[in-house]
Amino acid sequence: MASNERGSGPEAGASGVRLLWWSGALDMETAESLYARADAEPPGERLVLDLSRVTFMDSMGLNALLRISQERQLVITGPLQDQVRYVLQITEADTVLTVQSSKEAMGG
């Protein structure tokens with residue numbers, strides 16, 4: 001599935017927290033890029049992943065999120081688009097992954 005914008009960018013957060021954002025699709029074409037980007041972040045820091053700009057997510061995107069969460073502390077923040085929220089709910093991944101508001105995720 002094509003997307004209009006893909007990417008991530010680290011932003012400094014509170015001590016021990018790294019913020020990444022992702023835009024467009026999180027799917028079979030982009031999931032491995034997200035995983036590689038998260039894997040490149042310094043170990044030991046909490047990774048806050050802003051998915052508010054993700055318009056579509058498939059099972060490969062979900063798999064990338066689950067893999068990241070197995071390797072480090074991951075917090076997903078939004079607000080999530082309806083389609084992304086639906087994928088997390090229907091697969092019950094929202095019971096395994098930590099989803100918080102932006103303020104909560106950044107420790108505020």
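Two rings of Phe, Tyr or Trp, the last represented by its six-membered ring, form an aromatic pair if their centres lie within 6.5 Å. By this criterion the structure, which is a predicted model, holds 0 aromatic pairs. Rings do, however, take part in arrangements with charged side chains. The charged end of arginine 67 sits over the ring of tyrosine 35, 3.7 Å from the ring centre. Arginine 53 likewise lies over the face of tryptophan 21, with a distance of 5.0 Å to the centre of that ring.

The interior may be considered next. In soluble globular proteins, nonpolar side chains tend to be buried together. The largest nonpolar core here has 24 residues, of which Leu26, Leu51, Leu65 and Leu88 touch the most other members. Two or more residues each come from strand E2 (17-26), helix H1 (31-39), E3, H2, strand E4 (74-77) and H3. Strand E3 gives the most to this core, namely 5 residues. Leucine 51 has contacts that include Trp22, Leu26, Leu65, Ile76, Thr77 and Leu80, with residues up to four places away in sequence left out of the count.

Helix H3 spans residues 82-90, and its buried residues are Val84, Val87 and Leu88. These three lie on the same side of H3, because they cover an arc of only 95° around the axis. An α-helix has 3.6 residues a turn, so residues three or four places apart point the same way. The buried residues of H3 pack against strand E3 (46-57), helix H2 (59-71) and strand E5 (98-100). On the other side of H3, the exposed residues are Asp82, Tyr86 and Ile90. Just after H3, glutamate 92 adopts a positive phi of about 60°.

Notes: Residues numbered from 1 in each chain as written. Predicted model: local features only at pLDDT ≥ 70, side-chain atom pairs only at ≥ 80, totals over all residues. Heavy atoms only, no water. Phe/Tyr/Trp six-rings, centres within 6.5 Å; stacked < 30°, edge-to-face > 60°. Lys NZ or Arg CZ within 6 Å of the ring centre and 35° of its normal. Buried < 20%, exposed > 50% of the residue type's maximum accessible area, 1.4 Å probe, protein only. Helix = DSSP H or I, 4+ residues; strand = E, 2+ residues; numbered from the N terminus. Arc of directions from axis to C-beta. Contact = heavy atoms within 4.5 Å. Core = buried A, V, L, I, M, F, W, Y, C linked by side-chain atoms within 4.5 Å.
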